[in-house]
Amino acid sequence: MISFLISLCALVLGFLLYGRFVEKVFGPDPARTTPAVSKADGVDYIPLPAWKVYMIQFLNIAGTGPIFGAIMGAKFGPSAFLWIVFGCIFAGAVHDYLSGMMSLREGGVNLPELGGKYLGNGVKKVMLTFIVLLLVLVGAVFVYSPAIILGDIAGMAGSGSTASMMIWVAVIVVYYIIATLLPIDKIIGKIYPVFAFALIFMAVGLLGGLIVKWPSIPEFWDGLQNRGPSIGMEGQSIFPCLFITIACGAISGFHATQSPMMARCMQNEKLGRPIFYGAMITEGLVALVWAAVASYFFFDGGAAEVGSDLSAAAPTVVTKVSQSWLGLVGGILAILGVVAAPITTGDTALRSARLTLADALHLDQRSVANRLKICIPLFIVVCLLIWFNIADENGFNTIWRYFGWANQTLSIFTLWAITVYLAKTKGKLWYLVTEIPAMFMTVVCLTYIFTQKIGLGLPLGIGLGIALLITVVLNVIFAVKVLSKRN
């Protein structure tokens, strides 16, 4: 528990100290007119109160990511705490803040437009394809688990669970369509703050439970080795698997697709640090709490205490712990967490896909017809992926593994684009703020795809060596094409 409390304090200090430093590097201008005002359209560019923008941003980037990822990542032992802390402060929050602020400065444009401006049109096309595919994957992936849970609940009431699940899949898809088409203040602006509050309230309640119980969970000084094999998680090395398993809560490329949506609703550039950097730190705090809860669950008898076993999947851990520790309120929050949160993640992903394609196609989104031109083919693809999920018993696991890698790989594109931006506009060595995490994530993602079964399956030493070589080449290109041309 000492390591856990140290990690909590470190995250708060990271927001207060390093967050302020990163803000100074960017240099927000409170007098500058924001796109929410200059480009107001009543659909996507709508000024919203700062607290509401923060809560929506938090839920957009969080969902169940910092919960499920932290639960699975806790099997790696206290190394998970270190990754959440250092990843969140020096990579994830920096990634979210600077991508959000760059979008704000550029009129609320989406990530491919930023990538194209600073990395070239070739990269823009790659990013556009990659991002739309990732967002469609998110929409498809996050239908599956809530539909199963809702189907099981309906099954208990007398319906067939499979048939009930299919009905709930249809209901969720219909909701996706409505939420994607409607102005952002009609559904997202009204219900997202409620769900965000529920996630935060759940984390605070569990934190209180941890303090009262004070479990004997692994500490830093007990060793940073992978503890997963003792509970049935063989074949997973800390590097690179930990850094892919825990994405939300440390760094997630998906976040940079969400920040532009909130950049279109902000009324002052000075709000960037609490909204973008602050929402990521909040997500890190939630992830830390769940990593500590999961450590208790897996390593100190917590599973037996709540009537479960060590083979339980992340949604089961959430439900069992919440109901046991928080009673009726915990049960309700657990349902919100494992049902509502992934649905809200899916719908904002698809909304972001609509906006990204609209920017690329130059389609004004004031028109419902223009929104439908994008949404109809988009949802056809989503439905096909959902059907693959359901028809193939391994479909979900296959899509999820590729989603995890694609999510972290997107952060590489974003971090390198920001690095070029800082090198061109800020001078000195400020670009190191993102170049260092960009290099680290490049090595992580390349090593993962080179060495894991979903990739090339190479031995770790060979995969890591190739990843390091490619990263060196990228740095040489950056030095020649960007740094050498600075004044």
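Predicted model: local features only at pLDDT ≥ 70, side-chain atom pairs only at ≥ 80, totals over all residues.

I started with Arg264 and Asp359, whose side chains meet in a salt bridge at 3.3 Å, N to O (a side-chain nitrogen of Lys or Arg within 4 Å of a carboxyl oxygen of Asp or Glu). The pair links distant parts of the chain, 95 residues apart: Arg264 sits in the loop between helix 11 (255-263) and helix 12 (272-299), Asp359 in helix 14. Helices here are DSSP runs of H or I, at least four residues, numbered from the N terminus. Arg264 has 3% relative accessibility and counts as buried (buried is under 20% relative accessible area, exposed over 50%, partly exposed in between, with a 1.4 Å probe and protein chains only).

Residues are numbered from 1 along each chain as its sequence is written, and side-chain values use heavy atoms, leaving out hydrogens and water.

I counted 11 salt bridges in the structure. Next I looked up Asp44 and Arg351, which pair at 2.8 Å, N to O. Asp44 lies in the loop between helix 2 (35-38) and helix 3 (50-62) and Arg351 in helix 14 (residues 314-361), so the pair ties together parts 307 residues apart in sequence. Both Asp44 and Arg351 are buried.

Last stop was helix 18 (residues 460-481). I found Gly463, Ala467, Thr471, Asn475 and Phe478 buried there. Down the axis of helix 18, these fall within an arc of 110° (taken from the directions from the helix axis to the C-beta atoms), so they line one face of the helix. On the other side, Gly461, Leu469 and Val480 are exposed.

How values were computed. Helix = DSSP H or I, 4+ residues; strand = E, 2+ residues; numbered from the N terminus.
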